Amino acid sequence: MAQQRSLALPLLYPQPKRYVVITRRKFLQRSSKLATTVAAANSGLLSAIAQTHAVASMAPALDVNTLAQFVDPLPIPEIAQHQGFRPSPADPKRSVPFYRIKAQSISTKVHRDLQATRFWSFGPSTPGPTFETRAGEPLLVEWVNALPTEHFLPLDHTIHGAEAEKPAVRTVVHLHGAKTGPESDGYPEDWIVPGKSSLYYYPNQQDSAMLWYHDHALGINRLNVYAGLLGTFFIRDGVEDGLNLPRGKYELPLILYDRLLTRNAQLLYPVSPDPESPWVPEIFGNAVLVNGKLFPYLEVEPRRYRFRVLNASNARIYRLSLSENAPATDVPFHQVGTDQGLLPAPVSLTNLEIAPGERADLVIDFSEHRGKQILLKSGAFVVMQFRVSSQKVTDTSTLPAALRPVPKIPQSQAVQTRLLTLDEYVNKAGNPVLLLLNASHWKMPVTEKPVLGSTEIWTLINPTNDTHPIHLHLVRFQILDRQPYEPWLFQTKRQLHFLGPPEPPGRNEAGWKDTVQAHSRMVTRIIVPFDGFTGRYVWHCHILEHEDNEMMRPYEVIPAA
Ligand SMILES: [Cu+2]
């Protein structure tokens, strides 16, 4: 299970097994029609049996355990600077800040003792610059593709949208968590090639939250994000201002992403044993970067800090905890916000599970740890170190008992309930070859057409052994519950037979979300108001290998009659 794999250390190269009875390519040739696929699924190719994924051998990966820890300070991405003002597309009488951000190839060190690594980045560093904006203050970004024309990571031309006749290098930017018009949402087919740019308009008409921007190009998204095309985007508002949470130099982003590196410190993206179909179902790296550095340290004062955590990994779920060494003791912390902003109240935690695409807004109080070192870990992984100074400081920030009300949406408000399956198709060797939402390919007609202004319940049925973090563009939603069920009965007879009571979301999930962990063999229900815009958007799994291999569907918000 992804959840458990993410905790194990390090999952690198499962040895190539006696290889593969049906390749992904052959599987697709045999099941090019949906009817065939569904028939294949029902005849047993759809399987929830645990797999060891075959991965071809390749250049040996760097063993990061040979590196000195905590020799690099934690980098903080620079704040994006606008280049003047332009008329607003929504109101030409109004001028809005205009930014120009270039996707480009860079070379940068992830660790003091390694040579520089090639990345693709937005601007001169990866993660790219941090946007600081306020609710109700729109802005324009010209996203420029200034990348080379050849890709440096292994394309799979059998993947939809990445066929050999398509340009190798394509980018399109999605601002994850943003309520934007469809023309600025980064639709996966709206990609541009090197030398081109897209002008996107972000109205920022939404609550304060940490959003993030990343590539979303159809069929190569996993490679472009792995290459480094990501950054963060903060929206502020008066409610947040009034809380007196730690701010300024006491509020920092922690952007987590795992990578595999060659011995020459170059990005290594594993491939399957089939040279014509190198796609692999998931990537788990042993090098966990924080803001682009491996094992960084941060010098902190003995006071409260606010950390805005983003899981920007392709597939890894982190289970974060803090501990003070000698003697090793857990350090509790508070979560004050989730994907779409502040929680109703702080939630005290000793560990936090965060899946790809999710954000967590944390407050850590170092005041009782003067002169100590605190480790941030994920399971057994060491992620980074906080060095608490021993001087006495005055901390005027607060951790209020109440943050922002999140009124529960009554289920009676929903005008539509959709049952949606998360499907994994495996070959005879048990290796995944394809993932779908509701047994539907990307190119099939749009089936989810919520009406603007209406509320729906989406019931996500997950028969697989993986947690799939499911993300809906445009909207924010609330988690209703998760309930264990019997997958086989549903697959064969479409009967939902529950094996236990519904479980409410954790207190730290009981806020506004845009990405939900749909757990293995559970039915996860979310309630979604479709507000903002009409038009074509997408929903998808945020394990990027899944998303690229068809675990993404268009949906369309239609006008009210
Ligand atoms: Cu998935």
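Reader: Which residues is Arg 86 in contact with, leaving aside its neighbours within four places in sequence?

Author: In this predicted model, Arg 86 is in contact with Arg 94, Ser 95, Val 96, Phe 98 and Leu 140. Contact here requires heavy atoms within 4.5 Å. Arg 86 is found in strand β2 (residues 85-87). Its C-alpha atom is separated by 6.5 Å from that of Pro 97, 11 residues apart along the chain.

Reader: Why is Arg 86 called partly exposed?

Author: Buried means under 20% relative accessible area and exposed means over 50%. Arg 86 has 37%, so it is partly exposed.

Reader: What makes His 468, Cys 541 and His 546 donors of the copper ion?

Author: A donor is an N, O or S atom within 2.8 Å of the metal. The copper ion is coordinated by ND1 of His 468, SG of Cys 541 and ND1 of His 546, at 2.0 to 2.1 Å, so these atoms meet the cut-off. Along the chain the donors follow the spacing H-x72-C-x4-H. His 468 lies in strand β28 (residues 468-472) and His 546 in helix α7 (residues 544-548), so the pair ties together parts that are 78 residues apart in sequence.

Reader: How do you know whether His 468 and His 546 are buried or exposed?

Author: The limit for buried is under 20%. His 468 is at 0% relative accessibility and therefore counts as buried. His 546 is also at 0%, so it counts as buried.

Reader: What makes β3 and β4 a pair?

Author: Two strands pair if there are at least two bridges between them. Strand β3 (residues 95-108) and β4 have 6 bridges, in the antiparallel sense, so they qualify. Gln 104 has Ser 121 in β4 as its bridge partner.

Reader: Which residues touch the most other members of the largest nonpolar core?

Author: They are Phe 131, Trp 143, Ile 470, Leu 472, Trp 539 and Tyr 555, in a core of 94 residues. Strand β9 (residues 209-215) supplies the largest share of this core, 5 residues. Apart from this core lies another, of 39 residues, including Tyr 250 and Tyr 305.

Reader: Why is the pair of Trp 143 and Tyr 213 called tilted?

Author: Planes under 30 degrees apart count as stacked and over 60 as edge-to-face, with the rest tilted. The planes of Trp 143 and Tyr 213 are at 45°, with ring centres 5.1 Å apart, so the pair is tilted. Trp 143 lies in strand β6 (residues 139-145) and Tyr 213 in strand β9, so the pair ties together parts that are 70 residues apart in sequence. Trp 143, at 4% relative accessibility, counts as buried, and Tyr 213 is buried at 0%.

Reader: What makes Tyr 305 and Phe 307 a stacked pair?

Author: The limit for stacked is under 30 degrees. Tyr 305 and Phe 307 have 10° between the planes and 5.9 Å centre to centre, so the pair is stacked. Tyr 305 is buried at 4% relative accessibility, and Phe 307 is buried at 0%.

Reader: How do you know that the charged end of Arg 387 sits over the ring of Tyr 297?

Author: The distance limit is within 6 Å of the ring centre, and the charge must also lie within 35 degrees of the ring normal. The charged end of Arg 387 sits over the ring of Tyr 297 at 3.6 Å from its centre. Arg 476 is placed over the ring of Trp 512, with its charged end 3.8 Å from the centre.

Key
Residues are numbered from 1 along each chain as its sequence is written. This is a predicted model: local features need pLDDT of at least 70, side-chain atom pairs count only at pLDDT 80 or more; totals for chains, interfaces and linings use all residues. Side-chain values use heavy atoms; hydrogens and water are left out. Donors are N, O and S atoms within 2.8 Å of the metal (3.2 Å for Na, K and Ca); water is not among the atoms, so sites may look incomplete. Helices (H or I, at least four residues) and strands (E, at least two) are DSSP runs, numbered from the N terminus. Buried means under 20% relative accessible area, exposed over 50%, partly exposed in between (1.4 Å probe, protein chains only). A nonpolar core is a set of buried Ala, Val, Leu, Ile, Met, Phe, Trp, Tyr and Cys residues joined through side-chain atoms within 4.5 Å. Rings of Phe, Tyr and Trp (its six-membered ring) pair if their centres lie within 6.5 Å; planes under 30 degrees apart count as stacked, over 60 as edge-to-face and the rest as tilted.
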